[in-house]
Amino acid sequence: MNAPTPLPKAELHVHIEGTLEPEMVFELARRNDIALPHSSVEQLRAKYRFSDLQSFLDIYYANMAVLRTEADFRDLAAAYLRRCAEDGVRHAEIFFDPQAHTKRGVPVRTVIEGLTGAIADSDVSAELILCFLRDESAESAEQVLRAAEPHLDRIIGVGLDSAEVGHPPSKFTEVFRRARALGLRAVAHAGEEGPPGYVTEALDLLGAERIDHGIRALEDPELVARLRRDRVPLTVCPLSNVRLGCFPGLEVHTLPRLLAEDLLVTINSDDPAYFGGHVGENFAAVQRELGVDGEQLRGLAANSFTASFLDEPRKAAYLAEVAACSVE
Ligand code: ADE
Ligand code: ZN
């Protein structure tokens, strides 16, 4: 029997560097003549046991040392975009972390040319979102935005990621203002490990149009009411939240509460090479472990297009496809 056709969906929260599988770490290390501190793919994968966000970020940034050339970034993005078909992903808004590369001497241009080369060759529609690392300085964020300015036609927006606690959105008010003045869209990670106040700051000070994660918003009823009233999308990543210790197990994830609050929730993978699955596996896991039913899955897939930066006619076309898809 053929596998059922996956629901068409958009992925709005995936870090391209988080799609770097251990096999590719080894392949690129060989290609670039880089010595790795791991003896095998299995030994590297065995290190993927995280206690919190920082313990993951340490290995995530270390693995990026193998990404050096335009071809490396092209191959990385091409592998992700090939994988999209399996999960029904028709459109992806992909994060990248330029500061993690410029600090190693890789120019922004190399990163962007590589990623856009893969997008140009793919059937999946995709956009790039340049993320500022919140545990770096605001000046460093300004610098990377300036360096990216000649390539702004290849970038749809800016985001904010990396270690959250102690690095509030307010630190980046000015650089987000400049990015928005340049015509870029704005999103931000907030309320993953950080408090609900960071979600409020991201909305009020950064002009964030979507909140990445946002799970801790549930601690503040007024914020929940605001997110519902303003239809602010939350890009939730269930497997990531469990792997990084935000919840002790998927069975106690608050996705059902977010849905019961009628929030505009989407399901995403975050860093699929590290957290045990791509977006399709996140959909399957919430169905299996949280009892999310077929119609709710359809709603989550529809939300992914509604919350995307696609133009209205393309949104409408994808939404019609989601409505016509049979669900189990
Ligand atoms: N960078 C990659 N994955 C991230 C996450 N889950 N939170 C913050 N920054 C990240
Ligand atoms: Zn993320």
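The points below cover the ligand, its surroundings, the cavity and the pockets.

1. A word on conventions: residues are numbered from 1 along each chain as its sequence is written, with chains lettered from A and ligands numbered from 1 in the order in which they are written. This is a predicted model, where local features need pLDDT of at least 70, side-chain atom pairs count only at pLDDT 80 or more, and totals for chains, interfaces and linings use all residues, while side-chain values use heavy atoms, with hydrogens and water left out.

2. Which residues are around ligand 1? They are His15, Leu53, Phe56, Leu57, Tyr60, Asp161, Ser162, His189, Glu192, His213, Asp270 and Asp271 (a residue is near if one of its heavy atoms lies within 4 Å). By class, this shell has four nonpolar, four polar and four charged residues. Here Ala, Val, Leu, Ile, Met, Phe, Trp, Tyr, Cys and Pro count as nonpolar, Asp, Glu, Lys and Arg as charged, and the others, Gly among them, as polar.

3. Helix α3 (residues 53–63) supplies the largest share of the shell around ligand 1, four residues. Helices are DSSP runs of H or I with at least four residues, numbered from the N terminus.

4. Do look at the nitrogen contacts of ligand 1. The side chain of Asp270 has an N or O atom 2.7 Å from a ligand nitrogen, and a polar side-chain atom of Asp271 also lies 2.7 Å from a nitrogen of ligand 1. From Ser162 a backbone N or O atom comes in, 2.8 Å from a nitrogen atom of ligand 1. The protein covers 100% of the 260 Å² of accessible area that ligand 1 has on its own (Shrake-Rupley method, 1.4 Å probe).

5. Where does ligand 1 sit? It sits in the largest cavity, meaning that more than half of its atoms lie within 2 Å of the grid points. A cavity is a set of points, on a 1 Å grid over the protein atoms alone, where a 1.4 Å probe fits but cannot get out; lining residues have an atom within 4 Å of a point.

6. The structure holds one cavity of 30 Å³ or more, and the largest cavity has a volume of about 100 Å³ (the space filled by probe spheres set on points joined across faces, edges and corners). Of its 13 lining residues, His15, Leu53, Leu57, Ser162 and His189 are the closest to the centre. Helix α3 gives the most to this lining, with four residues.

7. The largest pocket has a volume of about 500 Å³; a pocket is an open set with protein on both sides within 12 Å along at least five of seven lines. It is lined by 19 residues, with Pro4, Thr5, Pro6, Leu7 and Gln287 the closest to its centre. Helix α14 (residues 279–290) gives the most to the lining, with five residues.

8. The second largest pocket holds about 290 Å³ of space. Among its 19 lining residues, Thr19, Glu21, Pro272, Ala273 and His278 lie nearest its centre. Helix α4 gives the most to this lining, with four residues, and the lining divides into eight nonpolar, four polar and seven charged residues.

Terms used
A polar contact is a pair of N or O atoms within 3.5 Å; within protein, one must be able to donate a hydrogen and the other to accept it, and residues adjacent in sequence count only if both atoms are side-chain atoms. Helices (H or I, at least four residues) and strands (E, at least two) are DSSP runs, numbered from the N terminus.
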